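Subject: Structure for you to look at

Dear colleague,

I am passing on the structure we spoke about, together with notes on what was found in it. Please have the sequence and the model open as you read.

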Amino acid sequence: LAALTVEPPTRTPIGGVTGRKPIGWIEAGTQHMDGYTALWYGRSRYASNDFDRMARQRLVQQAIIKQFQPSVVLTKFQAIAKAGAQVVKTDVPASMLGQFVALGELGRKLPVAQLELVPPEYDSGHPDYEKIHAAVKAAIAPRKATPKP
């Protein structure tokens, strides 16, 4: 994945941490982001809040899920493994990688459900745990197939 296509709804600053002004901007609309830009988009906090940042991170995650190709992961596996060696350890044998690619392809076809426990629907200062538990239960409940006419 050389570039990640994301559609920011608003202009987002690059930089601006610890009282400094932004060093650049990510414009609203369709953007083809490299890793540097995607990270800034997902993590920017300048003139923003955690809920805005989390929404941007979800956009980046959804774009990655939609756009990545498991076969690319397989062909770049050694470089990815080397880059992630400090944070990821596995005992999966190389002979299993093909099956993981097939599994990744199947997973891409499944719908992604999400539940956002954020204001204004949910008050993080005074959480309604019964409401949250009911929402989580509904979100993870198996989906019933839509009958064909």
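In what follows, helices (H or I, at least four residues) and strands (E, at least two) are DSSP runs, numbered from the N terminus. Please bear in mind that this is a predicted model.

**Overall layout**

The protein chain contains six helices and four strands, and their order from the N terminus is β-β-β-β-α-α-α-α-α-α. Of its 149 residues, 19% are buried.

**The strands and their surroundings**

Strands E2 (residues 12-15) and E3 (residues 22-26) run antiparallel and are joined by four bridges, one of them pairing Gly-15 with Pro-22 in E3. Six residues lie between the two strands of this hairpin, where Gly-16 adopts a positive phi near 80°.

Arg-11 takes part in two contacts here. Its charged end sits over the ring of Trp-25, 4.2 Å from the centre, and its side chain also meets that of Glu-27 in a salt bridge, at 3.0 Å from N to O. This pair links distant parts of the chain, since Arg-11 lies in the loop between strand E1 (4-6) and E2, whereas Glu-27, 16 residues away, lies in the loop between E3 and strand E4 (31-33). Both partners count as partly exposed, Arg-11 because its relative accessibility is 45%, and Glu-27 because its relative accessible area is 37%.

**Salt bridges in the helical part**

Side chains of opposite charge can pair when their charged atoms come close, and the structure holds five salt bridges. Besides the pair described above, the side chains of Arg-58 and Glu-116 meet in a salt bridge with an N to O distance of 3.0 Å. Arg-58 belongs to helix H2 and Glu-116 to the loop between H5 and H6, so this pair ties together parts that are 58 residues apart in sequence. Arg-58 is buried, with a relative accessible area of 18%, while Glu-116 is partly exposed at 31%.

**Backbone points worth checking**

Ala-47, in the loop between helix H1 (35-43) and helix H2 (50-67), has a positive phi of about 50° although it is not a glycine; at 79% relative accessibility, Ala-47 counts as exposed. A cis peptide bond, with omega at about 5°, joins Pro-119 and Pro-120, and Pro-120 is located in the loop between H5 and helix H6 (129-140).

**Surface and remaining contacts**

Val-92, Phe-100, Leu-103 and Leu-106 make up a nonpolar surface patch of about 380 Å². Of these, Val-92 comes from the loop between helix H4 (77-83) and H5, and it is partly exposed, with a relative accessible area of 36%.

Finally, the structure holds zero aromatic pairs, but Lys-131 lies over the face of Tyr-122, at 5.0 Å from the ring centre.

How values were computed: Residues numbered from 1 in each chain as written. Predicted model: local features only at pLDDT ≥ 70, side-chain atom pairs only at ≥ 80, totals over all residues. Heavy atoms only, no water. Phe/Tyr/Trp six-rings, centres within 6.5 Å; stacked < 30°, edge-to-face > 60°. Lys NZ or Arg CZ within 6 Å of the ring centre and 35° of its normal. Patch = residues over 30% accessible without salt bridge, like charges linked within 9 Å, V, L, I, M, F, W, Y side chains within 5 Å. Areas by Shrake-Rupley, 256 points an atom, 1.4 Å probe, with all protein chains shown as cover. Salt bridge = Lys/Arg side-chain N within 4 Å of Asp/Glu carboxyl O. Buried < 20%, exposed > 50% of the residue type's maximum accessible area, 1.4 Å probe, protein only. Pairing = 2+ DSSP bridges.
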